[in-house]
Structure formats: structure tokens, C-alpha cells
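This report describes helix packing, aromatic contacts and backbone features, in that order.

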Amino acid sequence: MKSTTLAATSALLLAPLTACGGNAAAGAGGSTVTVTVGYQSKTINTVTAGTLLRSLGYFEKQLNSLHDGRTYKVDWQDYATGAPITAQMTAGKIDIGSMGDFPLLINAARGKQLGRPTHLVSVTGYNLRGGLNTIVTAPDSKLTSLKDLKGKKISTSVGSAADGTLVRALQRAGIDPDDGIEKLNQQPAVGASALAAGSADALSQFVAWPGLLTYQDKAKALYDGAQLNLPTFHGVTAREDFTKNSPAVLEAFLKAQAEATDYLNAHPVAAAEKVAKTTGLPAEVVYLYNGAHGISTFDPAVKPQLVSALKQDVSVLKAAKLTGDVDVDSFVDDEYVRRALGTSYGKRLAATPPAAASEVWPKGAEETEAFESPAELLAYVAAHRDGVRAAYVPDATTGTLWFADKAVWVADGEELLPFVAPATAQAYVSAHGGARVITYAEALGRAA
């Protein structure tokens, strides 16, 4: 045993001084340090800590500016969901990860349970009403409301924010989320295939799946998560030992994330194109979520209302027996992002999402055009039918942006109002005498 230990020690002394996965502070001057970042390229609400950040190279530039005698290398690891990132973090193999609010709580619980505590250190994208998650059905489905889901097969990823939306939405509709439906626990891509094959009646998923399937005419919206009026977000989590051993590295990451956020906000179309090129997602779908008036707002500040929402999420995970109690206050640690952003942090903390607006992305254009009303957008589209790459309108009640040609349209006198889901459109019609649902073609004709 002693000889084995001695041999191992000798091997370590002879090997190059290289750090990886949690040992970023190890090594002396001249060593090579590997920082491992777990991200989800297709979960485009995390791009400022993943896909976009990687393509811009800002983190590497920040690391090179440390001038501490070390050479830094970033190992970017791409995953489909947050669960494998958490598994790798608790194994000490990933230093920094990004994921949704429900997976963040599981990350907190697993880290504490396994003796590798983690902390929420910043936010990527958020929606204060919950519009990042959507329940969709097949294009030819006869289902029009949540009540129609009773006894149906619904695909979701258990433990995800989309699952949380499904559970809460069903409860509000008076349907037991455990016994009132047949829940299929599937990865997003598998669920999308199940919906197409007819083996699932509905799909509850997170960004960008609902928008992607709708854009591809493979689904239509049944329920807009913003109807819950509960914040949902994605954020950055880091291992506690990593943050303590390598605070300068974490601060470099958070500075880079803030730079990527500023780039996205200043150049939303270019950012959408970059993310599309990397992920293979249509840029039109990326822009739906990440655009100037998109469903997601990007800001690294850890806003109190998001922390409050996280605390409310604990009960949903406990009911599903996915976690026990989670001490959210001890999990949240904005010390490093405050330090990284300095005096600008307070301004970011107080910032609010941009007002909802209708937008057209003209073909060949590097910028979109915003309109004061959906009717004005429709008039533009009607006059430029062959010159529009994508058109977006905000839901008249929730503000959730959606594709104009996929929205449910209501005519109320001279007003033309878009809705993400048929149930919200019908609720408006029921409350406004004379209002009626019309087709998109009719809406264009009225606006022309």
C-alpha cells in the first residue's frame, strides 16, 4: 500500500502541473489550468453563460487578462439538460454550470447531500410571468384547454421547469398532476418525437422546444406558461470549493457573462444568428426567445423576485419526491457577481424587462422593425408578404412574444389582438361582447 502511494506521489510530481474540474487554483507559476464549464447549447435561455459566451471568446479573454503566471484552458461541455451537469458537478468534474430554476434546486440539494455544495452565482435569462415554458399539442389536435388534458398522455422532463409549469397549470385547472394524467418522463427530443408519432397527446417543455416545434408546424400552443404569472429563469451555479479556491477565475467568468449579455442586448439579431449557427436552431426561433422584445430577458443580476420564485418552487419538487427541503438563502450567493460587476450591479438589479412590442424581421436585414401595435405589424406584413423573414407579436394578456402567423387572433371592433393559446383568446372573447376569433389570413386582410 505504501509503495503504491509513493509511486502515485512520484508520478504526480513528475507530471505537468495541470488543473481540471475543481482544481483550478492548483499548480505554481507556469502551470496550465483547465476550467470546466457545463452548458446546454439548445437551451437558449442560457446562451450568455454558454453558447454565445463560448462563440464570442470573452471568458478566455478575461482569463488571459489575469496575468497570474498560469495558462488557462476552458473545457466546454455541452448537455441536453441540467441533470447531467449536476451529476458531473457533484463528482467534482465540472466547475461552473448553467441550468433552469428547478434543476438549480436539485443541483443545490444533490450538492449538499453528496458533500459538494454548490451556489447560484448569477442569472442568465428570465421571464417574470413564466413565459419560458409552454404546453403544446399536435397541429391537428382537438384539445383546446388544460381541462382537455384530463386522462391524456403528456410528455415532459420530470424535475425541469417545464414539468413545474405542467404541475402548477394542472392544479389550477382542477386536475391532479399525478393521477389525472399519464405523465411520460422524456427528454425534450424524445417528447417531440412522441408528440409527432401520436404516442403523447401534449408536450410541456422549456425554451426553445415549444417555439421550435411551432415554427416547424409540428405543434401548436395549448397553454402559455406566463398565465401562471410566476417568474421562471435560468442561472449559473458553481461548486463551493471552486469558488473559494479560484475566486478570480469565477469573477472572470461573471465579467465575461456580463459582456456577453451586453452584446446580446446591443446586437440581438447578430446574437441570434451566432447561436443559430452553433446550435442548428433556426435563427427565427432563437430570436423569438432572445430578441430585443423576446420572451427572455437577460441580466446576470440575482433579482429578489427570482429568489422568491425559487423558494416557491421547492414545494413542487418536494411533492414530486425529487428533493427534500432546500435552503435557498444559503444556496444563493451573489457576492462574486457583485464584485465582478462593481458599481453597475445596482443598476442591473433595478433594471426591468423591455416593454412588449410587435417586431418584423425583414429578409436580408440586420435589424428588426418594431411597431406600436399588432395591427400596424399586420399592415406591414400585408404590404411586404415576400419580404418578411419572421413576424412576432405579444400576447394581448400575458405579453409573451409569439409568431404572428401561429398566434390565435381576435377581432374586437377595430382592434386586432393576438394570443399564444386558444384558451386565453376564448377567455377574452367571453369577456368582451362582439369580439370573435378570426384566422390569420382574416387578420391580415383587415389590417391591409
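In this predicted model, helix H10 packs against helix H11 (residues 268–279) with an angle of about 115° and axes 5 Å apart. H10 and H11 are therefore roughly perpendicular to each other, because angles of 65 to 115 degrees fall in that class. On the H10 side the contact involves Tyr263, Leu264, Asn265 and Ala266, and these meet Pro268, Ala270, Ala271 and Lys274 of H11. By residue type, the contact of H10 with H11 has 6 nonpolar, 1 polar and 1 charged residue.

Asp101, Phe102 and Pro103 of H5 make the contact with Ala161, Gly164 and Arg168 of H6. The residues of the contact of H5 with H6 comprise 3 nonpolar, 1 polar and 2 charged.

**Aromatic contacts**

How many aromatic pairs does the structure hold? There are 11 aromatic pairs. A pair of aromatic rings is described by the distance of the centres and the angle of the planes. Two of the pairs are set out here.

| Pair | Centre to centre | Angle between planes | Arrangement |
|---|---|---|---|
| Phe59 and Phe253 | 5.1 Å | 85° | edge-to-face |
| Tyr287 and Tyr392 | 5.6 Å | 40° | tilted |

The pair of Phe59 and Phe253 links distant parts of the chain: Phe59 belongs to helix H3 (residues 58–64) and Phe253 to helix H10 (residues 247–266), 194 residues apart.

Tyr287 lies in helix H12 (residues 283–290) and Tyr392 in strand S15 (residues 388–394), so the pair ties together parts that are 105 residues apart in sequence. Tyr287 has 0% relative accessibility and therefore counts as buried. Tyr392 also has 0% relative accessibility and counts as buried.

Both tyrosines belong to a cluster in which ring pairs link Tyr215, Tyr287, Trp361, Tyr392, Trp402 and Phe403. One member of this cluster, Trp361, has Arg389 lying over the face of its ring, at 4.1 Å from the ring centre.

**Backbone features**

Most residues other than glycine have a negative phi, and most peptide bonds are trans.

The peptide bond from Val207 to Ala208 is cis, with omega near 10°. Ala208 is found in the loop between strand S9 (202–206) and helix H8 (209–215).

Asp217, which is not a glycine, has a positive phi near 60°. Asp217 sits in the loop between H8 and strand S10 (220–224).

Which other residue has a positive phi although it is not a glycine? Asn229 does, with a phi of about 55°. Asn229 lies in the loop between S10 and strand S11 (232–239). With a relative accessibility of 44%, Asn229 counts as partly exposed, because the value is between the 20% and 50% limits.

Key:
Residues are numbered from 1 along each chain as its sequence is written. This is a predicted model: local features need pLDDT of at least 70, side-chain atom pairs count only at pLDDT 80 or more; totals for chains, interfaces and linings use all residues. Side-chain values use heavy atoms; hydrogens and water are left out. Rings of Phe, Tyr and Trp (its six-membered ring) pair if their centres lie within 6.5 Å; planes under 30 degrees apart count as stacked, over 60 as edge-to-face and the rest as tilted. Helices (H or I, at least four residues) and strands (E, at least two) are DSSP runs, numbered from the N terminus. Buried means under 20% relative accessible area, exposed over 50%, partly exposed in between (1.4 Å probe, protein chains only). A charge sits over a ring if NZ of Lys or CZ of Arg is within 6 Å of the ring centre and within 35 degrees of the ring normal. Axes are lines fitted to C-alpha atoms, for helices over the stretch in contact, and angles run from 0 to 180 degrees between N-to-C directions. Angles under 35 degrees count as roughly parallel, over 145 as roughly antiparallel, 65 to 115 as roughly perpendicular and the rest as oblique. Contact means heavy atoms within 4.5 Å. Ala, Val, Leu, Ile, Met, Phe, Trp, Tyr, Cys and Pro count as nonpolar, Asp, Glu, Lys and Arg as charged, and the others, Gly among them, as polar.
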